[in-house]
Amino acid sequence: MHVRTTSIDGVLLFVPTPHHDSRGLFTRTFDATIAAEHGIDPNSFIQDSQSRSRQGVLRGLHGRSGRGEAKLVRCAHGAVSDVVVDARPDSPTFGHHEMFRLDDETFTHLYIPPGMLHGFQALTPIADVCYRIDRPHDPREDIAVRYDDPTLAIDWPLPVTEISGRDLAAGPWQPS
């Protein structure tokens, strides 16, 4: 497994090396030692969650107020276009976004530090996304920003086939 930096300060890609043979494949999906070497406390993750989406479904952009929330995200089945927006006012990459393909072929994991907005769109008929999260969910701290905000200008790869009412009602991106 190797780790790549991204254009957003603190966002990392963990890229495993799947081993294929006649039976299928085997891959390591998490390595606490490698995470720790890159400044991530592997013991900080306290909750695992999973979502299943149909092709074209868009989830996000979501974040947390207060001290934020760190996530380790992967696509266990299918493929998604995953987007991270830096919403940390003091960050050198504040307001920047980057899109990543997560899928069940490369098994790449995306580490998202606290203070980010996160969303994704399912690219395949079914996409299962797994999250490791570093704090319990508190709905009072939920933040949502419109997925199609013109200031962010995120170029989602597919037409949106479905989105939650909450995400449709989300406010605009308003950098300070």
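Two strands count as paired here if DSSP finds at least two bridges between them, and strands (E, at least two residues) and helices (H or I, at least four) are DSSP runs numbered from the N terminus. With that in hand, welcome to a predicted model, in which local features need pLDDT of at least 70, side-chain atom pairs count only at pLDDT 80 or more, and totals for chains, interfaces and linings use all residues. Residues are numbered from 1 along each chain as its sequence is written, and side-chain values use heavy atoms, with hydrogens and water left out.

**Overall build**

- The protein has 2 helices and 13 strands.
- Its radius of gyration is 16 Å, close to the 16 Å from the globule rule for 176 residues, so the protein is as compact as a globular protein of that length. The radius is taken over C-alpha atoms, and the rule is 2.2 Å times the number of residues to the power 0.38.
- Along the principal axes, the C-alpha atoms fill a box of roughly 50 × 35 × 30 Å.
- Of the contacts (heavy atoms within 4.5 Å) between residues at least 6 apart in sequence, 80% join residues at least 24 apart.

**Surface and charge**

- Buried residues account for 47% of the 176 residues; buried means under 20% relative accessible area, exposed over 50%, and partly exposed in between, with a 1.4 Å probe and protein chains only.
- The 17 positive charges and the 24 negative charges have mean positions 4 Å apart. Lys and Arg count as positive and Asp and Glu as negative, while His and the chain ends are not counted; the charge is placed at NZ of Lys, CZ of Arg, CG of Asp or CD of Glu.

**Strand E2 and its partners**

- Side chains in a regular strand alternate between the two faces of the sheet. In E2 (residues 12–15), Leu12 and Phe14 point one way and Leu13 and Val15 the other, and all are buried.
- E2 pairs with E1 (residues 2–5) in the antiparallel sense over 4 bridges, and leucine 12 in E2 is the bridge partner of threonine 5.
- The E1–E2 hairpin has 6 residues between its strands, and glycine 10 there takes a positive phi near 90°.
- E2 also runs antiparallel to E10 (residues 109–112), joined by 3 bridges; in E10, tyrosine 111 is the bridge partner of leucine 12.

**Backbone points to check**

- The peptide bond from glycine 60 to leucine 61 is cis, with omega near 15°, and leucine 61 lies in strand E6 (residues 58–64).
- Phenylalanine 107 is not a glycine, yet has a positive phi of about 60°. This residue sits in the loop between E9 (97–103) and E10, and is buried at a relative accessible area of 11%.
- Alanine 153, also not a glycine, has a positive phi of about 50°. Its loop lies between strand E13 (142–144) and helix H2 (165–168), and at 55% relative accessibility alanine 153 counts as exposed.

**Around alanine 35**

- Alanine 35 belongs to helix H1 (residues 32–37) and is buried, at 2% relative accessibility.
- Leaving aside neighbours within four places in sequence, alanine 35 is in contact with Phe14, Phe30 and Ile40.
- Alanine 35 and phenylalanine 14 are 21 residues apart along the chain, and their C-alpha atoms are separated by 8.6 Å.
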